[in-house]
Structure formats: structure tokens, C-alpha cells
Amino acid sequence: MNLLDEVNKVGYVSRSVPFKGTDLKEEILKLKKEKNAVILAHYYVDAEIQDLADFLGDSLALAQAAEKTDADMIVFCGVHFMGETAKILNPNKKVVIPDFNAGCSLADSAPKEEFAAFKAQYPEAVVVSYINCTADVKAMTDIICTSSNALKVVESIPADKQIIFAPDANLGRYVAKKTGRDLILWDGACIVHIDISLEKLKKVKEENPNALLIAHPECKEVILSQADFVGSTTALLNFVKDSDCQEFIVATEAGILHKMKESVPNKKIIPAPANEKNTCACSECPYMKMNTLEKLYNAMFYELPEIQVAEDVREPALKALKAMLEISK
């Protein structure tokens, strides 16, 4: 089986790394220099990959970094739709990801055909899509948003316009409440954020009465209603850094805790617990955790798996992304 067939079958380069017994992190940095590559990583991937990244951030910051890079190859450590976003913005650059299997439950919740049929019911509506969607859905969108700028994006649309908001219904309900707009919501959700356990959270709050609860707007409304602060991943990080409080319960994917603890080592950072029983007693994205050092090395060495986006999809998706980036300057 040739390498491309192998990647198409299993989703990543499954071969052993060529340099056994050496420091894999050093080899990755060497490859980055040799190939004029840039490593973009989301806060939710493992700490060892976060520490290697040229740019670490949430979806908005990473989209902005992808738009500005002059690297020849973009290596995106996150999930599939993030790699697609980078390719939409950089059609002439090679974009690779460590594992094609690193999908997104939220993006998967809005299949192309079903979303097209939903959109057709509201022909006059402006479509605002959360960046956590596929390239096909982006291509059916007027303007993209992230959790960092969703309020600003919705408020930029004339008050007399209908707005479809997709695919995250929890974020949509939060935006509707904050802006007073009557949004037409697609019923999608992130498996990580909706799995945060209210019952277990109550116990954690009882055990840590001085801790502030901070939450990502993808969480259920019942969690958000109890939060002392609601914001994007970056906003949560900045709140922890800027607040005088010394203890925080963090209701989002646990990967952000690495950067929080690094930024405020003297503060107590507590992950909000998930319904699912796991060793970390936290909420983890199984797709983000598919990014490993070995897969990252192989993606850079073999330049596979490579993201491709058809031009008839890329062009309208780019227009929607550019509309967001213009607002976010």
C-alpha cells in the first residue's frame, strides 16, 4: 500500500517516526525550519503540542494567524474544520493536519444537505455560522463568527433582518439573550460542552466556595446561568489572568488549563467535571486529543494528510470568513 492510500484508509501516516531514540520535539522544530512551516495549535490540544506551536489560540486568533502567515506549509493541530479554514484563506499554500479523523461533533451536527434545506425555508435570512462548521456550510453562509466575536457579528446586522444562527444552539441562545435578537437556531451542540455535569458541578462548588465559575457559551443554559463570567476560550484565559480572585472552576475543554496554570501558577484552577467517568474528572475533546507528537512529526515529514477544498466551495466560504475578519480588526 502506498503512503497516500494508507492515509486515505486510516486517516493519518501510521508509520514509525524515522528517528527513534531522538528528541521528537527537536526533530519537529528542525522540520519546521527546513520546510518553512508554521505550526498553529488550538488551546484544546495536548500541552506538549501547545508548547511547540508558533501560534496558540482560539478559533478567531488562529484564523487571523492563518490569514497573515508567509510560511510555505501550514500545520494545523486542532480539528478538521480548522484545517479547512486555513486552506480557504490560503489556497496556494500546503495545509496539513496530524489526523483526518480529528473531526468535530458540532461541525458534524450540520450536514450539508440538511442545512441547505433548512436555509431554504428562510430565503430572506442572513446566515451567521459559527466557525465550527464544515467548509460546505461556510459556503452557504453570509458571515462567519466565533465565540469571541459572535455578539459583534450579530449586532452588525440590521435589526429588520432575519438571522439564521448555526450550528451551535447553546451559543445561539446566549447571543440572542445578550443582543435581544430573535435568532433562527440550528439545533447543534458540542459533545464536550454539553457533557459538563450540573450535579457534579454543584459538589465542586460546595467544596470550593471561594471559586468563581467561568464558562464557555457552548455550555448548556443551565450552566451559563450559574456562571460568574461567560466568554470565549481566550476571554476565559484573560479573565483568570486579570481577576483578583484566586480560585476558578473552568467549564470548557480541559486543554485550556495548561495555559491558565502557566499564566497564573499561584492561582487554583479547577476543571468543571463531565458526566462521563474519566481519569481527569474534566471535560476532554476526544478529537483534539487525536493530535500527538508522532502524528505531528509524520504530517510534517510526509506532508500528509493534506487538506483540500474545492474552489466552488472555497470562494463563497472565503467571502463569509473575510466578512468576519473585517469586523474583527
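Me: Is the crossing in which α13 passes α14 left-handed or right-handed?

Reply: In this predicted model, the crossing of α13 past α14 is right-handed. The near helix is therefore turned clockwise from the far one by less than a right angle.

Me: What makes α13 and α14 roughly parallel?

Reply: The axes of helix α13 (residues 233-242) and helix α14 (residues 256-263) cross at roughly 25 degrees and come within 10 Å. Angles under 35 degrees count as roughly parallel, so α13 is roughly parallel to α14.

Me: Which residues of α13 and α14 make the contact?

Reply: On the α13 side they are T233, L236, L237, V240 and K241, and on the α14 side I256, K259, M260 and S263. By class, five residues of this contact are nonpolar, two are polar and two are charged.

Me: How do you know whether α2 is roughly parallel to α15 or roughly antiparallel?

Reply: Helix α2 (residues 24-34) packs against helix α15 (residues 293-302) at an angle of about 25 degrees, and their axes are 10 Å apart. Roughly parallel requires an angle under 35 degrees; α2 is therefore roughly parallel to α15. The crossing of α2 past α15 is left-handed.

Me: Which residues of α2 and α15 meet?

Reply: From α2 come L24, K25, E27, I28, L31 and K32; from α15 come L293, E294, L296, Y297, M300 and F301. The contact of α2 with α15 holds eight nonpolar and four charged residues, with no polar ones.

Me: What makes C77 count as buried?

Reply: The cut-off for buried is under 20% relative accessible area. C77 has 0% relative accessibility and therefore counts as buried. C145 has a relative accessible area of 0%, so C145 is buried.

Me: Why is N36 called partly exposed?

Reply: Partly exposed lies between the buried limit of 20% and the exposed limit of 50%. With 34% relative accessibility, N36 therefore counts as partly exposed. N36 sits in the loop between α2 and β1 (37-42), and has a positive phi of about 50 degrees although it is not a glycine.

Me: Where is P305 found, and what is the peptide bond from L304 to P305, cis or trans?

Reply: P305 is in the loop between α15 and α16 (311-327). The bond from L304 to P305 is cis, with omega near 0 degrees.

Me: What is omega for the peptide bond that joins A166 and P167?

Reply: Omega is about -10 degrees, and the bond joining A166 and P167 is cis. P167 is placed in the loop between β7 (163-166) and α10 (169-179).

Notes: Residues are numbered from 1 along each chain as its sequence is written. This is a predicted model: local features need pLDDT of at least 70, side-chain atom pairs count only at pLDDT 80 or more; totals for chains, interfaces and linings use all residues. Side-chain values use heavy atoms; hydrogens and water are left out. Buried means under 20% relative accessible area, exposed over 50%, partly exposed in between (1.4 Å probe, protein chains only). Axes are lines fitted to C-alpha atoms, for helices over the stretch in contact, and angles run from 0 to 180 degrees between N-to-C directions. Helices (H or I, at least four residues) and strands (E, at least two) are DSSP runs, numbered from the N terminus. Angles under 35 degrees count as roughly parallel, over 145 as roughly antiparallel, 65 to 115 as roughly perpendicular and the rest as oblique. Contact means heavy atoms within 4.5 Å. Ala, Val, Leu, Ile, Met, Phe, Trp, Tyr, Cys and Pro count as nonpolar, Asp, Glu, Lys and Arg as charged, and the others, Gly among them, as polar.
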